[in-house]
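Hi,

Here is the structure I promised to pass on. My notes follow below it; have a look when you get a minute.

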Amino acid sequence: METVPEPGSNVPPKKDRLQTKKKKPRRYWEQETTGTAAGASPGPPRKRKRNRELRPQKPKKNDTSKKFRISKKPRELKSPRPQRSLSGAQDPFAGPAPVSVEVVQKYCRIDKSKELPHPKTKTRSRLVVAEAQEEETSVRAARSELLLTEEPGFLEGEDGEDTAKIRQADIVEAVDIASAAKHFDLNLRQFGPYRLNYSRNGRHLAFGGRRGHVAALDWVTKKLMCEINVMEAVRDIRFLHSEALLAVAQNRWLHIYDNQGIELHCVRRCDRVTRLEFLPFHFLLATASETGFLTYLDVSVGKIVAALNARAGRLSVMTQNPYNAVIHLGHSNGTVSLWSPAMKEPLVKILCHRGGVRAVAVDSTGMHMATSGLDHQLKVFDLRGTFQPLSARTLPQGAGHLAFSQRGLLAAGMGDVVNIWAGQGKASPPSLEQPYLTHRLSGHVHGLQFCPYEDVLGVGHSGGITSMLVPGAAEPNFDGLESNPYRSRKQRQEWEVKALLEKVPAELICLDPRALAEVDVISLEQAKKERAERLGYDPDARAPFQPKPKQKGRSSTASLVKRKRKVMDQEHRDKIRQSLEQQLQKQEKAKPTGARPSALDRFVH
């Protein structure tokens, strides 16, 4: 049992409260102010707190030691130090990856050669922002080009070997199993000859026979979507904006079917249709008929936009320009006419052949047009304003069908033979000297089309359907947001809504789509003149100068008249100076270049 010590025992006296207060423990990062005993260890470091390290404590009022100095000067920006890893090594590839100027120019869509004469300040600032955004977009597209892993490749023979002699069986043996499965033949002699069409993403194939056979399938997996017999002659067939709708030109009227073979519409205003073309960005179905009418049907609202009379007899040759959505019609008098739904007359008429035109095709860039006629001539024309033939070749048998691929290859069907010519690149015309590939079919050709994003040429003939392998024909990389071959049903529905919202009006179809962004100065001046005549005054004219009122007697009548006259004199001097400058420019242009200088020329100015 413990006892309380007596007052006189050896108990240490109580110290003052200030003396008994414990000292603040010292952190391991703080410098030691007092010397430690020899051999004493500072102890294990404690875990420091992040907030105390980043935000130092303010010194107390009674604390005379200043451990931290608080500066009220603005903080200077320091240059960023090169980032180092945990091991201390410096990143050898600091910053964004460099991009080649040539690659950036390939994706740039700004033409800086054309400048506005004197844009306003607000317009100039908007143009600067738009140019900066376009340059950033082109740099990003050039940098993301590394993600385009697929590259186009052509068929190359050995030294002295002609690639036109290589057969399809040899190509099938040389390629992989997945590519070899893309070559097949459908023996359908009972209902031929056939016309065919690929969907826009290249996944589905639709074909129709002259004797009423209509079918659609996923040709990659060979899954049949629908197969019907319309019990009527089928002259042409086309997919609409997606593989869910199908347009069939039958003997009398135009019919619309879905992917299950159910008839949805019968357009009786489009009768005796011979050829069909669908414009995907405008949702327009163009039809050419035996009566000589070119009709545009808006499939989004079911309304006929325009019905144009070509005045050239029966129309059986038609194609579209994918670049500007202009329809090309071939006529029996050897001419090719270009049409837009906004004009009742053809935009251009080109005399191509001395006989009737049998086939017309336009490449994906819109620069070149290939035509064939009854004179057995195959010609390639330049569509960039000159409309002159670039090359021509005489064929032993006239080509009845033509087709361009995405990479600029040209296929021609002549009887039961298909010849393919290749060029130097995508934007260069095909060379007609030596064929790239040749293939003989079991029947006469009645339809040709290259499959998008696949090195495949679909041929419809009197014996059925043939899928040929053509290396280097298609674009190897597709846009997943625009034409995705692997999209689901939900993705297709979302894309369909977006495409309808971004539909281009039919009135904007013209030869040069870039002209839509330019200002029609002549029409603008004419509209201003008519407005001034209608109102009796020009609302855009400059208001007369009115001096601002001043104080202390400086707004007298004499002062106001003096200031008005000063401004009028300044404007008059500016006009005289401009007229003198124009006269000097005319004199310099009229002055002969070889004349000797005179001593009196110094007094001219």
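M231 sits in the loop between β5 (223-229) and β6 (234-239); strands here are DSSP runs of E, at least two residues, and helices are runs of H or I, at least four, numbered from the N terminus. M231 isn't a glycine, yet has a positive phi of about 60 degrees. With 72% relative accessibility it counts as exposed (over 50%; buried is under 20%, partly exposed in between, using a 1.4 Å probe and protein chains only).

Before going on: this is a predicted model, where local features need pLDDT of at least 70, side-chain atom pairs count only at pLDDT 80 or more, and totals for chains, interfaces and linings use all residues. Numbering starts from 1 along each chain as its sequence is written, and side-chain values use heavy atoms, without hydrogens and water.

Y453 also has a positive phi, near 65 degrees. Its place is the loop between β26 (445-450) and β27 (456-461), and at 21% relative accessibility Y453 is partly exposed. Most residues other than glycine have a negative phi, and most peptide bonds are trans. The bond from G192 to P193, though, is cis, with omega near -5 degrees; P193 lies in the loop between β1 (184-187) and β2 (194-198).

As for confidence, mean pLDDT (the predictor's per-residue confidence, 0 to 100) is 83 for the protein chain, with 82% of residues at 70 or more. It stays under 50 over residues 33-43, with one contact (heavy atoms within 4.5 Å) beyond four places in sequence, and over residues 59-77, with three such contacts.

Cheers
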